Amino acid sequence: MNKLWAGRSLEQTAALADDFNSSIAVDSRMYRQDIAGSLAHAAMLAARGIISQADADAITDGLGGILADLESGALPVDPAAEDIHMFVEAELTRRIGDAGKRLHTARSRNDQVAVDLRLYLRGETEQTVRLIRALLRVLLDKAAAHAGDIMPGYTHLQRAQPVTFGHHMLAWAAMLRRDIGRLEDAAGRMNISPLGCCALAGTTYHTDRQMTARQLGFDGVCANSLDGVADRDYCVELAAALSLLMVHLSRCSEELILWSSWEFQFVELSDAYSTGSSIMPQKKNPDMAELTRGKTGRVVGDLMSLLTMLKGLPLAYNKDMQEDKEAIFDAFDTAKLCLQVFAPMVETMTVRTDRLRHAAAGGFINATDLADYLVGKGLPFREAYQITGRLVAHCIQTGHTLENLPLADYQAVCPAFDEALYAAVDLEACVARRVSEGGTGPDSVAAQLAELKAYLGG
């Protein structure tokens, strides 16, 4: 394929250099966005009298035909093309002649690729947000179904205080809602048009950048042409948001891996989202959760690649920036793939409420409530804390729990105890007394469920 930038060079570039320089294998996925940007640019050029309306009409028809043929598969992308921009322009010129050569007036590949990438990532962000919202709906249903099922809450992976499984699912949901916010915030800052910045300095033509921005759904235009083509902050921001999303999915995966183990047995993952062992017939492995946990490192690596690629670049465009697409595309591809499998994995898992309740009965997770009982008797909390600690140690030595330790043993440590203590350490009562906003108490969980349902649109 003849290079559209040929002219200054006296020799052909080496085949190895052409292969090294080519990005068509990565950026060909942006053909829709490239054509959309070119259609808007051609309409603007005609509106400003920079090209004739006849040429603009020919360009529009030609690009429409190329898009249709690419969509149907009738036109394969030429792997010998340098990039998708060159491929589309060359094909357009082949089809409509000189009119196709006028399309690049008042435009550079620098602003062309920048607008394509912003358009593409805007769509990717919207798709990812939809997938997160789908997972949130699954978590809402699980939380509602198990709003009253008591389980141990953990700190340091040690049993700490009683919570409900529904409350725990809502904690996962809270993380994912922040991920949506971060993605949408980043997308909002990204939604500014670089089209018309040209190579770096703008153009001598009297273009209408606001017109093309409106046609392409942007909120405005990049205020500085140099920054417009040099900026890849949005790639970094989106990769950072995706990295944190993946960290959240990884933490959730880690809990599912623990909970589905024989030691916990809090949940059983569906056979449809588990695998077996090639040698151990009893095994049921949480491979989907493990892969999600593993792929987190890949997305974090994409973020590091982008940061490292950008850190030493002078303004404006440098060929290093061609590396932006592979990293950010991979980050989105990986995150979307994990979300697609995570939602049905959670939706189809069985929650072992009997195991949850059994685990909650051990580990003295009602110790704080016992201390609070003494505070109600007038003791300072720190003194109540120490008394409760001594009673826990006594229970461990004698094989008792706080629920079945004889009253005489309580009163031997502190005479303030009476029969009411047993109601204070009842697990259901412990949960019910968590009345603070955002806590695990029934009213608080119901409020959280209602708020999440409203957020998701009913």
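Which side chain does a polar contact of 2.8 Å join to that of arginine 122? I looked this up in the model, which is predicted. The partner is asparagine 191, whose side chain meets the side chain of arginine 122 at 2.8 Å.

I then went through the surroundings of asparagine 191. I found asparagine 191 in the loop between α8 (165-190) and α9 (209-215). Leaving out residues up to four places away in sequence, I have asparagine 191 touching Arg122, Gly217, Phe218, Asp219 and Gly220.

Next entry: pockets.

I looked up the largest pocket and got a volume of about 430 Å³. I have 15 residues in its lining, with Ser260, Ser261, Trp262, Gln282 and Lys284 nearest the centre. By class, I recorded five nonpolar, six polar and four charged residues for the lining of the largest pocket.

For the second largest pocket I got about 310 Å³. I see 15 residues lining the second largest pocket, and Phe20, Asn21, Ser22, Gln322 and Glu323 are the closest to its centre. Which elements give two or more residues to this lining? I wrote down α1 (15-21), α2 (24-27) and α13 (323-348).

Technical notes:
Residues numbered from 1 in each chain as written. Predicted model: local features only at pLDDT ≥ 70, side-chain atom pairs only at ≥ 80, totals over all residues. Heavy atoms only, no water. 1 Å grid on protein atoms, 1.4 Å probe; cavity = no way out; pocket = protein on both sides within 12 Å on 5 of 7 lines; lining within 4 Å. Points joined across faces, edges and corners; volume = space filled by probe spheres on them. Nonpolar A, V, L, I, M, F, W, Y, C, P; charged D, E, K, R; others polar. Helix = DSSP H or I, 4+ residues; strand = E, 2+ residues; numbered from the N terminus. Polar contact = N/O pair within 3.5 Å; in protein donor to acceptor, adjacent residues only side chain to side chain. Contact = heavy atoms within 4.5 Å.
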